[in-house]
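Here's a quick briefing to read alongside the structure. Have the coordinates open and follow along by topic.

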Amino acid sequence: MPRTPQDYDDIPGTFVFDAERSREGYGINMFCMSLMKDANRKAFKADEPEYLKRFPLTAEQREAILERDYNRMLELGGNIYFTAKLGATDGHSFQHLAAVMTGATQEDYAKMMLAGGRSVEGNRSKSGRDKPKAKTRSKARSRRG
Amino acid sequence: MANIIAGVASSHVPAIGAAIDNKRTEEPYWKRVFSGFERSKQWMATTKPDVAIVVYNDHASAFSVELIPTFALGCAAEFPPADEGWGPRPVPVVKGHPALASHIAQSVILDEFDLTIVNKMEVDHGLTVPLNLLFGSPREWPCRVIPLAVNVVMYPPPTGHRCYMLGRAIRKAVESYPEDLKVVMFGTGGMSHQISGPRAGLINSKFDKAFLDNLSKDPAKLTRIPHLEYMREAGAEGIEMVMWLIMRGALDAKVEEVYRFYTVPASNTAVGHIILENRGRTAGKRAGARKGGGERRRQAVARRGGERIASKARR
């Protein structure tokens, strides 16, 4: 069954972890959660495909995990707070994962954050039909001068 | 009777906790963040709440995907720090206030907010980092803490309006508790950030600053922000700012903004912080009347402390 279209599918570069992805990705997230235990981390590292048999995963999900395709894991129902545990098991910092997901080097990603982060301009909408809403801005300034 | 005297909002970035735990707070990158909370710690030290109700979210620590409660109120006597993969944070065990917590549960459920009651729970950086930012790193936390965990991990989280109304119901519950207690409400998380997918690293300072302005002056406006707008403008994970509205709902319509701080970045996140006082500060006044001059003087000092902070922040 294809995924139910949602208004937030229009946000670029974003896989919203919604109830549907939560259902589909249950196995990915429970696998990641299991990595909170040291014995499980060791068992996984010793034989990854064998360890993954303990969890209900589709062939695509299994492949995404084995290939450390973090964006694909999110698309198939993984949640970032869970998949980050896989990254930590591999000994990576969160910044490394963020760089991998954005297709940047870790150095470039770090520089972008220090410079104020990724701008929302040009990153709001795939379709371009949504403009920022003026109503979210406040006319009242609580800080003077 | 118990009273909510103030609300505090603060980001709860895990890297802030790691910087504290690894003693890196004096490094220039982190000093920029921590220096913004120095006055807040002074304010907290003079305010001396008896109880803090901390609205936060769990990050796959106490709750996995096996159980995803929308609102979970911690009614236990204590809440140990969770092991988030690097061992539990070296922070004190959080002591609860089971009597007030269960009173709140009973009251707000009858007000039609279907809370989940949690009698055993570990708490992660979402709760302990804001405690560090406001109380520092004491041997024991100086007040009791009632955790209110909100699902903002799986979409959809509760709406901003729902959160605001829950805040109002919590205030009603607190004010019907017979013991004299000064309660401070914490809203945590945010501000703009996205840590997942190709758009990770998104920051929107314009959105954040407008949010802080409206939190102070026009919270009703914030209750109408749809989830889509949070995610589009403030990042997929920026949606956790709805939790700030539970705090705001527990305060007066008109509040005194005593302090705010904003900086970008801490790790992948815009750090926002604000302190809002209920103008009446009724708890302090009542307590002062009953407890005599010493308490009254102490309360006056606390108020002046707050004003001093405000005047500095506004220069």
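Two residues are in contact when their C-beta atoms, placed from the backbone, lie within 7 Å. With that in hand, 83% of the contacts in chain B between residues at least 6 apart in sequence join residues at least 24 apart. This is a predicted model, where local features need pLDDT of at least 70 and side-chain atom pairs count only at pLDDT 80 or more, while totals for chains, interfaces and linings use all residues. Residues are numbered from 1 along each chain as its sequence is written, and chains are lettered from A and ligands numbered from 1 in the order in which they are written.

**Chain B overall**
- Chain B has 12 helices and 10 strands; these are DSSP runs, numbered from the N terminus, with helices being H or I of at least four residues and strands E of at least two.
- Of its 315 residues, 58% are buried, where buried takes 20 or more other C-beta atoms within 10 Å of a residue's own, exposed is 12 or fewer, and partly exposed is in between, with C-beta atoms placed from the backbone.

**The nonpolar core**
- A nonpolar core is a set of buried Ala, Val, Leu, Ile, Met, Phe, Trp, Tyr and Cys residues joined through C-beta atoms within 7 Å.
- The largest one holds 133 residues, and Ile53(B), Val183(B) and Met243(B) touch the most other members.
- Its top contributor is helix α6 (residues 160-175) of chain B, which gives eight residues.

**Where chain B meets chain A**
- Here 38 residues of chain B are in contact with 49 residues of chain A.
- On the chain B side, α7 (205-217), α9 (227-234) and β9 (255-266) each give two or more residues, and the largest share, six residues, comes from α7(B).
- That side of chain B splits into 18 nonpolar, 10 polar and 10 charged residues; Ala, Val, Leu, Ile, Met, Phe, Trp, Tyr, Cys and Pro count as nonpolar, Asp, Glu, Lys and Arg as charged, and the others, Gly among them, as polar.

**The two domains of chain A**
- Chain A is divided into domain 1 (9-91) and domain 2 (93-123), with bounds from an automatic or database domain assignment.
- Their C-alpha centres lie 22 Å apart.
- Five residues of domain 1 are in contact with six of domain 2.
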